[in-house]
Amino acid sequence: MMSSFPMQVALMLGETITKVIPITFALAMVFTVLEHFWACNSTGPWWRKREIITDICYWFFVPVFARIFRIGLLVLGAAILFNIHEPDELIAFYDNGHGPLSELPLWVQALLFLVASDFMLYWLHRMFHGGGFWKYHAIHHSSEDLEWISAARFHPVNLFIGTILVDVILLIAGISPNIMLWVGPFTTFHSAFVHANLNWTLGPFKYVLATPVFHRWHHTSLEEGGNTNFAGTFPLWDILFGTYRMPENRLPDGYGVDDQEIPSEIGGQLAYPFRH
Ligand SMILES: [Zn+2]
Ligand SMILES: [Zn+2]
């Protein structure tokens with residue numbers, strides 16, 4: 001059966017959005033309740049945040065973009081590195097992973113994936129905070145009201161040389177895509193969680209797992225500590241490499257980019273790095 005490329009993209013778009021809608025409702029309910037009781041900043045309910053429409057656009061656009069580019073890179077990687085071109089061979093190659101990593105129990109592969117990808121993402125995140133890369137990452141930092149729904153606000157270049165590339169490297173290394181059954185929902189929930197307007201530090205677990213307070217410090221201005229807490233999931237990297245910051249008895253406040261004027265709507269934001 002042959003269907004045209006635009007047709008496939010349209011199908012993928014429909015499929016992805018159908019998946020995203022129920023997840024969005026669930027997250028909206030969870031964070032509405034949690035933020036009501038444990039707000040970090042008294043900015044009101046999340047749906048009243050500034051630039052909510054921009055965030056909603058990214059929220060639905062990013063999973064579709066990520067899926068199309070992940071598949072594209074996986075196909076390209078198999079062709080270049082393993083000389084695999086036939087669709088059947090491709091499916092067999094990625095179905096349950098390949099090589100020694102795929103022999104490990106699935107939970108070990110999932111853990112390995114989380115730790116290895118988080119390590120790579122830590123360094124990529126630091127790279128994006130410097131020199132010529134900052135203009136792409138500044139889009140993520142442009143939310144002045146930081147909310148769970150701001151989690152998806154990433155420029156495609158940032159997504160591509162970040163999440164997507166790291167996922168593809170680990171899948172090409174042999175880890176089974178089946179781990180995504182747990183890892184996928186975990187990362188979706190956790191990234192919304194760290195951006196949520198919550199005053200949670202998780203007590204002693206603040207050294208184990210990134211929390212809303214931990215990541216909200218990362219979103220503050222440079223003088224306040226914006227150049228700290230780069231880890232996505234495990235603060236261990238910040239502790240090891242000297243970028244960990246969790247002031248006692250204080251909560252982060254005041255977010256956004258202070259050195260540049262970033263457009264507030266999605267079109268302007270997507271074009272922004274190419275104009276500067
Ligand atoms: Zn950052
Ligand atoms: Zn963030």
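Me: Is N229 buried or exposed?

Reply: A word first on conventions: this is a predicted model, in which local features need pLDDT of at least 70, side-chain atom pairs count only at pLDDT 80 or more, and totals for chains, interfaces and linings use all residues. Residues are numbered from 1 along each chain as its sequence is written, chains are lettered from A and ligands numbered from 1 in the order in which they are written, and side-chain values use heavy atoms, with hydrogens and water left out. As to the general idea, buried means under 20% relative accessible area, exposed means over 50%, and partly exposed lies in between, with a 1.4 Å probe and protein chains only. N229 counts as buried because its relative accessibility is 0%.

Me: Where is N229 found, and what is its phi?

Reply: Helices are DSSP runs of H or I with at least four residues, strands are runs of E with at least two, and both are numbered from the N terminus. N229 is found in the loop between helix 8 (212-218) and helix 9 (236-240). Its phi is positive, at about 55 degrees, although N229 is not a glycine.

Me: Which protein atoms are the donors of the zinc ion (ligand 1)?

Reply: Donors are N, O and S atoms within 2.8 Å of the metal (3.2 Å for Na, K and Ca); water is not among the atoms, so sites may look incomplete. Here the protein donors are the NE2 atoms of H125, H129, H137, H141 and H218, which lie 2.1 to 2.2 Å from the zinc ion (ligand 1). Along the chain, these donors follow the spacing H-x3-H-x7-H-x3-H-x76-H. H125 and H129 are both buried.

Me: Why does H137 count as buried?

Reply: H137 is buried because its relative accessible area is 2%. H137 is found in helix 5 (residues 134-141).

Me: What does H137 touch?

Reply: Contact means heavy atoms within 4.5 Å. Apart from residues up to four places away in sequence, H137 touches H125, F128, H129, F154, N158 and H218. A polar contact is a pair of N or O atoms within 3.5 Å; within protein, one must be able to donate a hydrogen and the other to accept it, and residues adjacent in sequence count only if both atoms are side-chain atoms. The side chains of H137 and N158 are joined by a polar contact of 2.7 Å.

Me: Which residues lie nearest the centre of the second largest pocket?

Reply: On a 1 Å grid over the protein atoms alone, a pocket is an open set of points with protein on both sides within 12 Å along at least five of seven lines, whereas a cavity is a set where a 1.4 Å probe fits but cannot get out; lining residues have an atom within 4 Å of a point. The second largest pocket is lined by 13 residues, and H129, W134, L222, D258 and D259 lie nearest its centre.

Me: How much space lies in the second largest pocket, and into which classes do its lining residues divide?

Reply: Grid points are joined across faces, edges and corners, and a volume is the space filled by probe spheres set on the points. The second largest pocket holds about 200 Å³ of space. For the classes, Ala, Val, Leu, Ile, Met, Phe, Trp, Tyr, Cys and Pro count as nonpolar, Asp, Glu, Lys and Arg as charged, and the others, Gly among them, as polar. The lining divides into 3 nonpolar, 8 polar and 2 charged residues.

Me: What is S176 in contact with?

Reply: S176 lies in the loop between helix 6 (156-172) and helix 7 (180-195), and counts as buried at 1% relative accessibility. With neighbours within four places in sequence left aside, S176 is in contact with D95, N96, G97, L106, Q109 and L171.

Me: How far apart in space are F82 and N41?

Reply: C-alpha to C-alpha, F82 and N41 are 51 Å apart, and in sequence they are 41 residues apart. F82 is found in helix 2 and is partly exposed, at 38% relative accessibility.
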